[in-house]
Amino acid sequence: MVKLRLKRCGRKQAVYRIVAIDVRSRREGKDLRKVGFYDPIKNQTFLNVPAILYFLERGAQPTKTVQDILKKAEVFKEFRPNQTKFT
């Protein structure tokens, strides 16, 4: 199972990457893909929305913190969980 969660990057100041990662991996483990960046001190967020929607459509579960970040960025307005693509 894949989760969207935070991965700490900063040494002195906490800055995080939002990554798609296997649930069995540790927090600093190998990620599948980096899909965003979050800086809680400067309150900045950078998101790769198409990549996030790709993982959400395939069943990835965001953690509570990541879910709050995505709600603020209004990513869930574009997400339709039962949407099927025929191309």
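Predicted model: local features only at pLDDT ≥ 70, side-chain atom pairs only at ≥ 80, totals over all residues.
Residues are numbered from 1 along each chain as its sequence is written, and side-chain values use heavy atoms, with hydrogens and water left out.

Me: What makes up the pattern of the protein along its sequence?
Reply: The order is β-β-β-β-α-β-α, and the protein has two helices and five strands. Helices (H or I, at least four residues) and strands (E, at least two) are DSSP runs, numbered from the N terminus.

Me: Why is the protein called as compact as a globular protein of that length?
Reply: The radius of gyration is taken over C-alpha atoms, and the globule rule is 2.2 Å times the number of residues to the power 0.38. For 87 residues the rule gives 12 Å, and the protein has 13 Å, which is close to that value, so the description applies. The C-alpha atoms fill a box of roughly 45 × 30 × 20 Å along the principal axes.

Me: Why is Gly59 called partly exposed?
Reply: Buried means under 20% relative accessible area, exposed means over 50%, and partly exposed lies in between (1.4 Å probe, protein chains only). Gly59 has a relative accessibility of 37%, and therefore counts as partly exposed. Gly59 is located in the loop between α1 (49-57) and β5 (61-62). Its C-alpha atom is separated by 8.6 Å from that of Lys3, 56 residues apart along the chain.

Me: Why does Lys34 count as partly exposed?
Reply: The relative accessible area of Lys34 is 45%, so this residue is partly exposed. Lys34 belongs to strand β3 (residues 33-39).

Me: Which residues is Lys34 in contact with, leaving aside its neighbours within four places in sequence?
Reply: Contact means heavy atoms within 4.5 Å. With those neighbours left aside, Lys34 is in contact with Arg17, Ile18 and Val19.

Me: What makes the pairing of the side chains of Asp22 and Arg24 a polar contact?
Reply: A polar contact is a pair of N or O atoms within 3.5 Å; within protein, one must be able to donate a hydrogen and the other to accept it, and residues adjacent in sequence count only if both atoms are side-chain atoms. The side chains of Asp22 and Arg24 are joined by such a contact at 3.0 Å. Asp22 lies in strand β2 (residues 16-22). Apart from its neighbours within four places in sequence, Asp22 is in contact with Met1, Arg5 and Leu32.
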